[in-house]
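Please have the sequence and the structure at hand while reading.

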Amino acid sequence: MSRHTFRGFLFGCIACIASIASLAQVAAPPAPERLVVHSNVLNEDREIWVRMPAAAQGKKESYAVLYMTDAGLNINEIGSIIDFLADTNFMPPLIVVAIANTDRVRDLTPSHAVVKHSDGTVEPVPTSGGAGKFLDFIQTELVPEIEKRYATHPYRIFAGHSLGGLFAIHALINRPELFNACIATSPSLWWDDFRTVHQAQEFFAKQKEFKKTLFFALGNEGGQMTEGFEQLQKTLSADLPKGFVVKSTRYKEEIHQSTELLGHYDGLRTIFTDWRAPLDPKTDLAIGGLEGVERHYRALSDRFGYRVSAEQEINSLGYALLGAKKIDEALAAFRRNVELYPQSANPYDSLADGFEAAGKPDLAVQNVEKAVEVAKQTGDRFLPDYGKHLERLVAAGKSEPGKDK
(Lines give C-alpha, C1' and ligand atoms only; values in the text may rest on other atoms or scores of the structure.)
Protein backbone atom coordinates (compact mmCIF):
# COMPACT_ATOMS: atom_id res chain seq x y z
CA MET A 1 0.00 0.00 0.00
CA SER A 2 1.44 3.40 -0.98
CA ARG A 3 2.04 6.15 1.57
CA HIS A 4 -0.41 8.42 -0.26
CA THR A 5 -3.13 5.77 -0.20
CA PHE A 6 -2.54 5.01 3.47
CA ARG A 7 -2.79 8.64 4.52
CA GLY A 8 -5.96 8.91 2.46
CA PHE A 9 -7.41 6.00 4.42
CA LEU A 10 -6.52 7.56 7.75
CA PHE A 11 -7.48 11.16 7.25
CA GLY A 12 -9.59 11.58 4.13
CA CYS A 13 -12.23 8.87 4.17
CA ILE A 14 -15.38 10.91 4.60
CA ALA A 15 -17.37 10.89 1.38
CA CYS A 16 -18.21 14.43 0.26
CA ILE A 17 -21.68 13.67 -1.04
CA ALA A 18 -24.36 16.33 -1.36
CA SER A 19 -27.48 15.69 0.67
CA ILE A 20 -30.42 14.14 -1.14
CA ALA A 21 -33.43 16.44 -0.96
CA SER A 22 -36.16 15.26 1.38
CA LEU A 23 -39.35 14.05 -0.22
CA ALA A 24 -41.32 16.27 2.13
CA GLN A 25 -42.06 19.39 0.13
CA VAL A 26 -43.25 21.37 3.14
CA ALA A 27 -40.05 21.35 5.18
CA ALA A 28 -36.30 21.33 4.80
CA PRO A 29 -34.40 18.26 6.00
CA PRO A 30 -34.07 18.39 9.82
CA ALA A 31 -30.88 20.15 10.87
CA PRO A 32 -28.63 17.96 13.04
CA GLU A 33 -28.23 18.95 16.67
CA ARG A 34 -24.73 19.32 18.12
CA LEU A 35 -24.00 17.73 21.48
CA VAL A 36 -20.83 17.65 23.52
CA VAL A 37 -20.42 14.49 25.58
CA HIS A 38 -17.56 14.32 28.05
CA SER A 39 -15.92 10.91 28.05
CA ASN A 40 -14.26 9.67 31.20
CA VAL A 41 -13.16 6.60 29.25
CA LEU A 42 -11.30 8.65 26.63
CA ASN A 43 -10.54 11.58 28.97
CA GLU A 44 -11.82 14.14 26.47
CA ASP A 45 -14.94 15.89 25.21
CA ARG A 46 -16.54 14.36 22.12
CA GLU A 47 -18.59 16.25 19.58
CA ILE A 48 -21.72 14.36 18.58
CA TRP A 49 -24.26 15.26 15.89
CA VAL A 50 -27.83 13.96 16.16
CA ARG A 51 -30.29 14.08 13.27
CA MET A 52 -33.95 13.31 13.89
CA PRO A 53 -35.90 11.78 10.99
CA ALA A 54 -38.16 14.04 8.93
CA ALA A 55 -41.10 11.88 10.02
CA ALA A 56 -40.51 12.85 13.65
CA GLN A 57 -41.91 16.33 13.08
CA GLY A 58 -45.31 16.42 14.74
CA LYS A 59 -45.04 12.92 16.20
CA LYS A 60 -44.31 11.74 19.71
CA GLU A 61 -42.82 8.37 18.86
CA SER A 62 -39.70 6.36 19.55
CA TYR A 63 -37.17 5.49 16.87
CA ALA A 64 -34.38 2.99 16.34
CA VAL A 65 -30.91 4.57 16.17
CA LEU A 66 -28.11 4.43 13.62
CA TYR A 67 -24.67 5.32 14.99
CA MET A 68 -21.86 6.21 12.60
CA THR A 69 -18.24 7.33 12.49
CA ASP A 70 -16.70 10.36 10.79
CA ALA A 71 -19.42 12.94 11.46
CA GLY A 72 -19.55 15.35 8.55
CA LEU A 73 -21.58 15.59 5.37
CA ASN A 74 -22.37 11.89 5.68
CA ILE A 75 -24.96 12.56 8.42
CA ASN A 76 -27.18 14.42 5.94
CA GLU A 77 -26.38 11.93 3.18
CA ILE A 78 -27.52 8.91 5.15
CA GLY A 79 -30.29 10.90 6.83
CA SER A 80 -31.77 11.79 3.46
CA ILE A 81 -31.59 8.16 2.34
CA ILE A 82 -33.42 7.15 5.51
CA ASP A 83 -36.10 9.81 4.95
CA PHE A 84 -36.53 8.69 1.33
CA LEU A 85 -36.83 5.00 2.18
CA ALA A 86 -39.08 5.67 5.19
CA ASP A 87 -41.34 7.89 3.09
CA THR A 88 -41.75 5.05 0.58
CA ASN A 89 -42.19 2.58 3.48
CA PHE A 90 -39.16 0.46 2.71
CA MET A 91 -37.90 0.97 6.26
CA PRO A 92 -38.79 2.84 9.48
CA PRO A 93 -37.52 6.35 10.28
CA LEU A 94 -34.27 6.35 12.27
CA ILE A 95 -32.36 8.74 14.49
CA VAL A 96 -28.79 9.22 13.22
CA VAL A 97 -25.98 9.76 15.73
CA ALA A 98 -22.67 10.73 14.12
CA ILE A 99 -19.43 10.85 16.09
CA ALA A 100 -16.90 13.52 15.14
CA ASN A 101 -13.23 12.55 15.07
CA THR A 102 -10.46 13.57 17.41
CA ASP A 103 -7.79 10.92 16.82
CA ARG A 104 -9.37 8.80 14.10
CA VAL A 105 -6.58 6.23 13.86
CA ARG A 106 -6.54 5.69 17.60
CA ASP A 107 -10.30 5.20 17.87
CA LEU A 108 -10.96 3.02 14.85
CA THR A 109 -8.05 0.56 14.79
CA PRO A 110 -8.46 -2.62 16.88
CA SER A 111 -4.74 -3.20 17.48
CA HIS A 112 -1.46 -1.34 17.72
CA ALA A 113 0.38 -1.94 14.46
CA VAL A 114 2.67 -0.50 11.83
CA VAL A 115 1.85 -0.07 8.16
CA LYS A 116 3.94 -2.00 5.65
CA HIS A 117 4.20 -0.24 2.29
CA SER A 118 4.63 -1.89 -1.08
CA ASP A 119 8.19 -0.54 -1.37
CA GLY A 120 9.17 -2.51 1.74
CA THR A 121 9.26 0.44 4.12
CA VAL A 122 7.42 0.42 7.42
CA GLU A 123 5.50 3.39 8.80
CA PRO A 124 4.81 3.57 12.55
CA VAL A 125 1.34 4.52 13.72
CA PRO A 126 2.01 5.39 17.37
CA THR A 127 -1.54 6.08 18.55
CA SER A 128 -3.18 3.08 16.89
CA GLY A 129 -5.05 0.34 18.72
CA GLY A 130 -7.72 2.22 20.70
CA ALA A 131 -10.86 0.62 19.28
CA GLY A 132 -11.56 -1.22 22.53
CA LYS A 133 -11.67 2.03 24.50
CA PHE A 134 -13.72 3.70 21.79
CA LEU A 135 -16.24 0.86 22.04
CA ASP A 136 -16.29 1.35 25.80
CA PHE A 137 -17.09 5.02 25.24
CA ILE A 138 -19.93 4.18 22.85
CA GLN A 139 -21.38 1.44 25.04
CA THR A 140 -21.07 2.95 28.49
CA GLU A 141 -21.29 6.70 27.80
CA LEU A 142 -22.68 7.62 24.38
CA VAL A 143 -25.55 5.12 24.05
CA PRO A 144 -26.87 5.83 27.59
CA GLU A 145 -26.69 9.58 26.91
CA ILE A 146 -28.61 9.26 23.63
CA GLU A 147 -31.23 6.99 25.20
CA LYS A 148 -31.65 9.45 28.07
CA ARG A 149 -32.17 12.44 25.77
CA TYR A 150 -34.28 10.85 23.02
CA ALA A 151 -37.14 8.36 22.76
CA THR A 152 -35.46 5.30 21.26
CA HIS A 153 -36.36 1.75 20.32
CA PRO A 154 -34.04 -1.08 21.44
CA TYR A 155 -32.62 -1.59 17.93
CA ARG A 156 -29.21 -0.15 17.01
CA ILE A 157 -27.32 -0.03 13.72
CA PHE A 158 -23.67 0.92 13.24
CA ALA A 159 -22.23 2.30 10.00
CA GLY A 160 -18.59 3.01 9.24
CA HIS A 161 -16.42 3.73 6.21
CA SER A 162 -12.81 2.65 5.56
CA LEU A 163 -11.22 2.41 9.03
CA GLY A 164 -14.77 2.99 10.27
CA GLY A 165 -15.84 -0.08 8.28
CA LEU A 166 -13.04 -2.06 9.92
CA PHE A 167 -14.28 -0.81 13.29
CA ALA A 168 -17.89 -1.79 12.46
CA ILE A 169 -16.90 -5.40 11.82
CA HIS A 170 -14.64 -5.39 14.90
CA ALA A 171 -17.59 -4.16 16.99
CA LEU A 172 -19.91 -6.82 15.58
CA ILE A 173 -17.67 -9.69 16.64
CA ASN A 174 -16.28 -8.22 19.87
CA ARG A 175 -19.42 -6.57 21.29
CA PRO A 176 -22.21 -8.51 19.58
CA GLU A 177 -24.72 -7.34 22.18
CA LEU A 178 -24.17 -3.66 21.31
CA PHE A 179 -25.54 -3.46 17.74
CA ASN A 180 -28.23 -5.39 15.89
CA ALA A 181 -26.85 -4.63 12.44
CA CYS A 182 -23.72 -3.17 10.84
CA ILE A 183 -22.94 -1.48 7.52
CA ALA A 184 -19.25 -1.45 6.56
CA THR A 185 -18.33 0.42 3.36
CA SER A 186 -14.82 -0.04 1.97
CA PRO A 187 -13.63 -1.64 5.23
CA SER A 188 -9.85 -1.48 5.76
CA LEU A 189 -9.59 -5.15 6.63
CA TRP A 190 -5.89 -5.18 5.68
CA TRP A 191 -5.06 -3.58 9.03
CA ASP A 192 -2.47 -5.50 11.10
CA ASP A 193 -2.08 -8.34 8.58
CA PHE A 194 -5.88 -8.94 8.31
CA ARG A 195 -6.18 -9.51 12.04
CA THR A 196 -9.92 -8.69 12.16
CA VAL A 197 -10.66 -11.10 9.31
CA HIS A 198 -8.90 -13.90 11.20
CA GLN A 199 -10.86 -13.02 14.36
CA ALA A 200 -14.07 -13.13 12.34
CA GLN A 201 -13.19 -16.59 11.07
CA GLU A 202 -12.71 -17.84 14.63
CA PHE A 203 -15.79 -16.03 15.93
CA PHE A 204 -18.28 -17.27 13.34
CA ALA A 205 -16.94 -20.83 13.51
CA LYS A 206 -18.16 -20.95 17.13
CA GLN A 207 -21.62 -19.42 16.62
CA LYS A 208 -24.65 -21.66 16.21
CA GLU A 209 -27.11 -18.73 16.27
CA PHE A 210 -26.43 -15.07 15.55
CA LYS A 211 -29.48 -12.88 14.96
CA LYS A 212 -27.67 -9.95 13.39
CA THR A 213 -27.32 -8.36 9.96
CA LEU A 214 -24.06 -7.40 8.24
CA PHE A 215 -23.75 -5.57 4.94
CA PHE A 216 -20.29 -4.77 3.58
CA ALA A 217 -19.22 -3.30 0.25
CA LEU A 218 -16.12 -2.31 -1.70
CA GLY A 219 -15.48 -0.01 -4.65
CA ASN A 220 -12.76 -0.35 -7.27
CA GLU A 221 -9.99 -0.50 -4.65
CA GLY A 222 -7.39 -3.13 -5.33
CA GLY A 223 -4.50 -4.75 -3.51
CA GLN A 224 -4.94 -5.47 0.17
CA MET A 225 -8.39 -3.81 0.23
CA THR A 226 -9.66 -6.42 -2.23
CA GLU A 227 -7.79 -9.21 -0.47
CA GLY A 228 -9.40 -8.44 2.90
CA PHE A 229 -12.84 -8.03 1.34
CA GLU A 230 -12.63 -11.36 -0.49
CA GLN A 231 -11.31 -13.14 2.61
CA LEU A 232 -14.32 -11.96 4.59
CA GLN A 233 -16.65 -12.94 1.75
CA LYS A 234 -15.15 -16.44 1.78
CA THR A 235 -15.47 -16.66 5.57
CA LEU A 236 -19.17 -15.80 5.32
CA SER A 237 -19.99 -17.79 2.19
CA ALA A 238 -21.22 -20.97 3.88
CA ASP A 239 -22.35 -22.49 7.17
CA LEU A 240 -23.63 -19.23 8.57
CA PRO A 241 -25.03 -19.19 12.11
CA LYS A 242 -28.80 -19.44 12.35
CA GLY A 243 -30.49 -16.09 11.99
CA PHE A 244 -27.44 -14.28 10.61
CA VAL A 245 -28.18 -12.18 7.52
CA VAL A 246 -25.12 -11.14 5.51
CA LYS A 247 -24.74 -9.53 2.10
CA SER A 248 -21.75 -8.07 0.29
CA THR A 249 -21.51 -6.02 -2.88
CA ARG A 250 -18.72 -4.78 -5.14
CA TYR A 251 -19.22 -1.38 -6.77
CA LYS A 252 -16.60 -1.56 -9.49
CA GLU A 253 -17.36 1.91 -10.87
CA GLU A 254 -16.95 3.62 -7.48
CA ILE A 255 -13.75 4.86 -5.86
CA HIS A 256 -12.87 4.49 -2.19
CA GLN A 257 -14.43 7.81 -1.22
CA SER A 258 -17.74 7.25 -3.06
CA THR A 259 -18.89 3.85 -1.83
CA GLU A 260 -20.80 5.27 1.14
CA LEU A 261 -23.85 6.52 -0.77
CA LEU A 262 -24.62 3.24 -2.54
CA GLY A 263 -23.49 1.20 0.44
CA HIS A 264 -25.75 3.04 2.86
CA TYR A 265 -28.74 2.63 0.55
CA ASP A 266 -28.12 -1.07 -0.09
CA GLY A 267 -27.18 -1.71 3.53
CA LEU A 268 -30.41 -0.20 4.83
CA ARG A 269 -32.45 -2.13 2.26
CA THR A 270 -30.69 -5.32 3.41
CA ILE A 271 -31.35 -4.67 7.11
CA PHE A 272 -35.01 -3.91 6.46
CA THR A 273 -35.69 -6.52 3.80
CA ASP A 274 -39.41 -7.32 3.45
CA TRP A 275 -40.42 -4.30 5.52
CA ARG A 276 -43.42 -3.62 3.30
CA ALA A 277 -46.34 -6.04 3.45
CA PRO A 278 -46.38 -8.31 0.36
CA LEU A 279 -48.82 -7.46 -2.43
CA ASP A 280 -50.94 -9.75 -4.56
CA PRO A 281 -49.51 -9.27 -8.10
CA LYS A 282 -52.98 -9.68 -9.60
CA THR A 283 -54.71 -7.01 -7.56
CA ASP A 284 -51.84 -4.88 -6.15
CA LEU A 285 -53.58 -5.18 -2.78
CA ALA A 286 -51.94 -6.45 0.40
CA ILE A 287 -52.13 -10.21 0.66
CA GLY A 288 -54.71 -11.09 3.31
CA GLY A 289 -56.16 -7.58 3.33
CA LEU A 290 -56.26 -5.64 6.59
CA GLU A 291 -55.71 -8.78 8.67
CA GLY A 292 -52.70 -9.66 6.50
CA VAL A 293 -51.14 -6.23 7.03
CA GLU A 294 -51.57 -6.42 10.80
CA ARG A 295 -50.16 -9.95 10.85
CA HIS A 296 -47.14 -8.76 8.82
CA TYR A 297 -46.43 -5.95 11.27
CA ARG A 298 -46.75 -8.23 14.27
CA ALA A 299 -44.07 -10.39 12.65
CA LEU A 300 -41.87 -7.32 12.09
CA SER A 301 -42.33 -6.36 15.73
CA ASP A 302 -41.14 -9.82 16.80
CA ARG A 303 -38.18 -9.62 14.42
CA PHE A 304 -36.96 -6.18 15.48
CA GLY A 305 -37.87 -6.33 19.16
CA TYR A 306 -40.22 -3.37 19.40
CA ARG A 307 -43.75 -2.49 18.31
CA VAL A 308 -43.52 -1.55 14.63
CA SER A 309 -46.11 0.97 13.46
CA ALA A 310 -48.43 -0.23 10.69
CA GLU A 311 -49.99 3.21 10.21
CA GLN A 312 -48.46 3.96 6.84
CA GLU A 313 -49.17 0.51 5.41
CA ILE A 314 -52.79 0.45 6.59
CA ASN A 315 -53.24 3.92 5.15
CA SER A 316 -51.87 2.76 1.79
CA LEU A 317 -54.17 -0.25 1.85
CA GLY A 318 -57.17 2.01 2.46
CA TYR A 319 -56.38 4.13 -0.57
CA ALA A 320 -55.71 1.07 -2.72
CA LEU A 321 -59.14 -0.26 -1.74
CA LEU A 322 -60.69 3.12 -2.57
CA GLY A 323 -59.05 2.94 -5.98
CA ALA A 324 -60.54 -0.52 -6.47
CA LYS A 325 -64.00 0.87 -5.56
CA LYS A 326 -64.14 -1.29 -2.43
CA ILE A 327 -65.50 1.53 -0.29
CA ASP A 328 -66.67 -0.49 2.71
CA GLU A 329 -63.33 -2.30 2.99
CA ALA A 330 -61.47 0.99 2.63
CA LEU A 331 -63.53 2.53 5.42
CA ALA A 332 -62.77 -0.49 7.61
CA ALA A 333 -59.03 0.03 7.03
CA PHE A 334 -59.19 3.77 7.73
CA ARG A 335 -61.27 3.22 10.89
CA ARG A 336 -58.78 0.63 12.12
CA ASN A 337 -55.94 3.11 11.61
CA VAL A 338 -57.76 5.71 13.71
CA GLU A 339 -58.33 3.09 16.38
CA LEU A 340 -54.67 2.06 16.44
CA TYR A 341 -53.12 5.53 16.10
CA PRO A 342 -55.53 8.10 17.63
CA GLN A 343 -52.70 10.56 18.36
CA SER A 344 -51.75 10.84 14.68
CA ALA A 345 -53.55 13.35 12.43
CA ASN A 346 -53.20 11.53 9.11
CA PRO A 347 -55.56 8.58 9.86
CA TYR A 348 -58.42 11.04 10.49
CA ASP A 349 -57.69 12.88 7.24
CA SER A 350 -57.65 9.59 5.34
CA LEU A 351 -60.89 8.43 6.97
CA ALA A 352 -62.41 11.69 5.77
CA ASP A 353 -61.47 10.74 2.20
CA GLY A 354 -63.20 7.42 2.74
CA PHE A 355 -66.38 9.08 3.97
CA GLU A 356 -66.27 11.53 1.08
CA ALA A 357 -66.05 8.63 -1.37
CA ALA A 358 -68.98 6.98 0.43
CA GLY A 359 -71.10 10.12 -0.03
CA LYS A 360 -71.07 11.13 3.64
CA PRO A 361 -69.74 14.71 3.62
CA ASP A 362 -70.68 15.53 7.22
CA LEU A 363 -68.61 12.65 8.55
CA ALA A 364 -65.81 13.64 6.18
CA VAL A 365 -65.79 17.19 7.60
CA GLN A 366 -65.85 15.92 11.19
CA ASN A 367 -62.77 13.79 10.59
CA VAL A 368 -60.77 16.49 8.82
CA GLU A 369 -61.61 18.80 11.71
CA LYS A 370 -60.20 16.15 14.03
CA ALA A 371 -57.10 15.87 11.83
CA VAL A 372 -56.57 19.63 12.09
CA GLU A 373 -57.07 19.51 15.88
CA VAL A 374 -54.55 16.71 16.37
CA ALA A 375 -52.09 18.32 13.94
CA LYS A 376 -52.17 21.56 15.94
CA GLN A 377 -51.57 19.66 19.19
CA THR A 378 -48.61 17.73 17.80
CA GLY A 379 -47.06 20.31 15.48
CA ASP A 380 -47.69 18.07 12.47
CA ARG A 381 -45.83 19.34 9.40
CA PHE A 382 -48.85 18.55 7.21
CA LEU A 383 -51.23 20.87 9.10
CA PRO A 384 -51.52 23.23 6.08
CA ASP A 385 -52.65 20.30 3.92
CA TYR A 386 -55.33 19.28 6.39
CA GLY A 387 -56.50 22.89 6.55
CA LYS A 388 -56.86 23.06 2.76
CA HIS A 389 -58.73 19.74 2.79
CA LEU A 390 -61.17 21.12 5.34
CA GLU A 391 -61.69 24.33 3.34
CA ARG A 392 -62.46 22.31 0.23
CA LEU A 393 -65.00 20.09 1.98
CA VAL A 394 -66.73 23.02 3.65
CA ALA A 395 -66.89 24.91 0.35
CA ALA A 396 -68.30 21.84 -1.41
CA GLY A 397 -70.97 21.47 1.29
CA LYS A 398 -72.07 25.08 0.88
CA SER A 399 -72.36 24.72 -2.88
CA GLU A 400 -74.41 21.52 -2.62
CA PRO A 401 -76.85 22.03 0.26
CA GLY A 402 -79.19 19.26 -0.84
CA LYS A 403 -76.52 16.56 -1.02
CA ASP A 404 -77.22 13.38 0.97
CA LYS A 405 -75.42 13.13 4.28
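The model is predicted, so local features need pLDDT of at least 70 and side-chain atom pairs count only at pLDDT 80 or more, while totals for chains, interfaces and linings use all residues. Residues are numbered from 1 along each chain as its sequence is written, and side-chain values use heavy atoms, with hydrogens and water left out.

A nonpolar core is a set of buried Ala, Val, Leu, Ile, Met, Phe, Trp, Tyr and Cys residues joined through side-chain atoms within 4.5 Å. Buried means under 20% relative accessible area, exposed over 50%, and partly exposed in between (1.4 Å probe, protein chains only). The largest such core has 61 residues, and among those with the most contacts inside it are Leu66, Leu94, Tyr155 and Trp275. Helix H13 (residues 361–378) gives the largest share of this core, seven residues. Helices here are DSSP runs (H or I, at least four residues), as strands are (E, at least two), numbered from the N terminus.

Contact means heavy atoms within 4.5 Å. Neighbours within four places in sequence aside, Leu66 is in contact with residues including Ile78, Leu94, Ile157 and Leu268. A second, separate core of 56 residues includes Phe137, Val143, Ala184 and Phe203.

Rings of Phe, Tyr and Trp (its six-membered ring) pair if their centres lie within 6.5 Å; planes under 30 degrees apart count as stacked, over 60 as edge-to-face and the rest as tilted. The whole structure holds 19 aromatic pairs. In one of them, the ring centres of Trp275 and Tyr297 are 6.5 Å apart and the planes stand at 85°, so the pair is edge-to-face. Trp275 lies in the loop between helix H8 (259–271) and helix H9 (289–304), and Tyr297 in helix H9, so the pair ties together parts 22 residues apart in sequence. Trp275 is buried at 4% relative accessibility, and Tyr297 is buried at 2%.

Tyr319 and Phe334 also form an edge-to-face pair, because their ring planes are at 65°, with the centres 5.1 Å apart. Tyr319 is in helix H10 (residues 311–323) and Phe334 in helix H11 (residues 327–340), 15 residues apart. Tyr319 is partly exposed at 31%, whereas Phe334 is buried at 0%.

A charge sits over a ring if NZ of Lys or CZ of Arg is within 6 Å of the ring centre and within 35 degrees of the ring normal. Arg269 lies over the face of Phe90, 4.0 Å from the ring centre. Arg276 lies over the face of Phe90 too, at 5.2 Å.
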